[in-house]
Amino acid sequence: DPVAVEQRLGSGRLACPGCSGVLAGWGSARRRQVRDTDAVLWIVPRRARCTGCRVTHVLLPVVLLVRRADTAAVIGAGLTAKATGAGHRLIAALLGRPPETVRGWLRRFAGRVEAVRAVFTGWCRDLTPDPVLPGPAGSAWADAIAAVLAVAAAMGARFSVGEVPVVLFDLPAKEGPKNG
């Protein structure tokens with residue numbers, strides 16, 4: 001919420017991730033194009049500067065991930081599809097993205113699957129007084145996605161924002177081996 005960010009910047013309630021100093025407004029970052037599920041978004045992120053260490057930071061909306069040209073919903077849909085067994089070419093076709101882009105997302109996530117599962121499981125415990133943690137989902141990848149989805153549900157409930165949207169799609173049925 002840009003209005004809430006401006007209020008927090010103006011009142012000194014945003015902390016520097018590097019030194020915990022106070023962040024203050026520092027103009028805007030460059031205008032950038034980001035691909036969403038069904039449209040292109042033009043984003044002008046807010047920039048802030050730490051009053052302690054003097055480092056500047058770009059404040060991205062929650063729908064974006066650092067250094068990605070697609071929204072978190074699009075990338076999340078691709079990661080979720082991978083957890084169900086889809087390959088990068090099928091995911092790319094379903095999302096309308098280049099196969100190389102999707103393969104990059106999957107490789108990056110694959111190197112961090114266990115760390116993602118552990119961090120999101122911890123957040124799930126922290127967000128709810130009586131958490132219902134996801135059980136084993138069948139693979140390390142699926143376990144990590146289940147933990148992310150559990151945190152999305154917990155955040156929606158805890159902060160009264162309703163259901164946190166997650167983009168999912170049905171994959172075509174896999175064909176069996178061809179004879180002959």
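What is the relative accessibility of R117, and how does R117 count by that value? At 26%, R117 counts as partly exposed, a class lying between buried (under 20% relative accessible area) and exposed (over 50%), with a 1.4 Å probe and protein chains only. The model is predicted, so local features need pLDDT of at least 70 and side-chain atom pairs count only at pLDDT 80 or more, while totals for chains, interfaces and linings use all residues. Residues are numbered from 1 along each chain as its sequence is written, and side-chain values use heavy atoms, with hydrogens and water left out.

R117 forms a salt bridge (a side-chain nitrogen of Lys or Arg within 4 Å of a carboxyl oxygen of Asp or Glu) with E114, their closest N and O atoms lying 2.4 Å apart. Both residues belong to helix α5 (residues 113-127), where a spacing of three residues separates them by about one helical turn. Helices (H or I, at least four residues) and strands (E, at least two) are DSSP runs, numbered from the N terminus. E114 is partly exposed at 45%.

By this rule the structure holds four salt bridges. Another of them joins the side chains of R46 and E6, at 2.4 Å from N to O. This pair links distant parts of the chain, since R46 lies in strand β4 (residues 46-50) and E6 in helix α1 (residues 2-10), 40 residues apart.

D70 and R35 also meet in a salt bridge, at 2.6 Å from N to O. D70 sits in the loop between β5 (56-59) and α2 (72-83) and R35 in strand β2 (residues 32-35), so the pair ties together parts 35 residues apart in sequence. D70 is buried at 1% relative accessibility, whereas R35 is partly exposed at 27%. Salt bridges link R35, D70 and R97 in a network.
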